[in-house]
Amino acid sequence: MSSLQMHAIAGFLRLTRKRGAAPDPAASAEPPRPPAKLAQRHAVSTRTVGGFTCHTVAPRDRKAERAVVYLHGGAYISHVSPQHWQLISQLTDAGLRVEVPHYGLASRYTYRDAYPFVTTVYDQLLREVNPGQVTIMGDSAGGGLALGVAQSLAAAGVPQPGRLVLIAPWLDLTLSNPGIPATEARDPWLTSSRLLEAGRGWAGGDDPAQPRLSPINGPLAPLPPIDVYIGTRDLFFPDVRRLQELAAETKANVNVTVCEGAVHVYPLVPAPEGRAAARAIVRSLAS
């Protein structure tokens, strides 16, 4: 059973957010800087890569041997949130360096802008860190982008990261899985109609079913081990189950952690289940 806190969060989301993803009024503005507390706690630097901003968050007291490229969620229409920065800070506390690429948001920008930007950030990181010590990680829309980028790296012959970590990934922009309507009725947060609208903007007129937009349609080999975290009250749950099936068919190394009763991106949620999942993620990447 889910915790009382998770139940309360689900109720709050249903009252305040069930209308679904809404365009961020600041989407066309500059991405937010890291919070002041995070900048005080960690070494934070900023650079521009191909016209987009990338922050590096690293430990102050030691050289990081492991690194994470973190791709934030937000339906491709919202900037990085305080919950993202909190997880990034936890990763840095554990001794990891975290690259935070602020890919441009739809509909001003599309996946055609994001892929070369994120790939360049990854290539730059490989000049300093062995690829086996790098994790590409993302939540929601960022989780789908993380999987798509890994697939594109494999197609280009670029060394793969050591691991992928996907938190409630948006794997299929078409949301055509027949299991989605029943799950959507239980999801207190996401709605398919608004997600489809956001996805069209991100696709920029291209076929949303193509793998770089819907990486569930792309190959799972030769990708590194993939860890996925998903709650059962998450509209993306049926597609994660489909990913499991595809992994079993192709013998890909995909490990899915399912949290009963948990909402979308539950490792970012301030409930016991979320805090436990965040600790597990950090521990697995730091060890």
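Reader: With which residue does D61 form a salt bridge, and how far apart are the closest N and O atoms?
Author: A salt bridge is counted when a side-chain nitrogen of Lys or Arg lies within 4 Å of a carboxyl oxygen of Asp or Glu. D61 meets this criterion with R62, the closest N and O atoms being 3.6 Å apart. This is a predicted model, in which local features need pLDDT of at least 70 and side-chain atom pairs count only at pLDDT 80 or more, while totals for chains, interfaces and linings use all residues. Residues are numbered from 1 along each chain as its sequence is written, and side-chain values use heavy atoms, with hydrogens and water left out.

Reader: Does D61 count as buried or exposed?
Author: Buried means under 20% relative accessible area, exposed over 50%, and partly exposed in between, with a 1.4 Å probe and protein chains only. D61 counts as exposed because its relative accessibility is 67%, whereas R62, at 43%, counts as partly exposed.

Reader: How many salt bridges does the structure hold, and which residues are linked in a network?
Author: There are 10 salt bridges in the structure, and a network of them links R47, R97, E99 and E128. Helices (H or I, at least four residues) and strands (E, at least two) are DSSP runs, numbered from the N terminus. E128 is exposed, with a relative accessible area of 53%, but R97 is buried, at 15%.

Reader: Where do R194 and E197 both lie?
Author: Both are in helix α7 (residues 192–203), 3 residues apart, which is about one turn of the helix. R194 forms a salt bridge with E197, with 3.1 Å between the closest N and O atoms, and both partners are partly exposed, R194 at 25% relative accessible area and E197 at 41%.

Reader: What is the nearest side chain of opposite charge to D239, and how far away is it?
Author: For charge, Lys and Arg count as positive and Asp and Glu as negative, while His and the chain ends are not counted. D239, in helix α8 (residues 237–250), is buried yet has no salt bridge, and the nearest side chain of opposite charge, R242, is 7.3 Å away. Contact means heavy atoms within 4.5 Å; leaving aside neighbours within four places in sequence, D239 is in contact with L171, D172, N177, I180 and I216.

Reader: With which residues is L243 in contact?
Author: L243 also lies in helix α8 and counts as buried because its relative accessible area is 1%. Beyond neighbours within four places in sequence, L243 is in contact with L171, I216, L220, V228 and V254.

Reader: At what angle do helix α4 and helix α5 pack?
Author: Axes are lines fitted to C-alpha atoms, for helices over the stretch in contact, and angles run from 0 to 180 degrees between N-to-C directions. Helix α4 (residues 111–126) and helix α5 (residues 141–156) pack at about 75°, their axes 10 Å apart. That makes α4 roughly perpendicular to α5, where angles under 35 degrees count as roughly parallel, over 145 as roughly antiparallel, 65 to 115 as roughly perpendicular and the rest as oblique. A114, Y115, V118, T119 and Y122 in α4 meet L145, G148, V149, S152 and L153 in α5.
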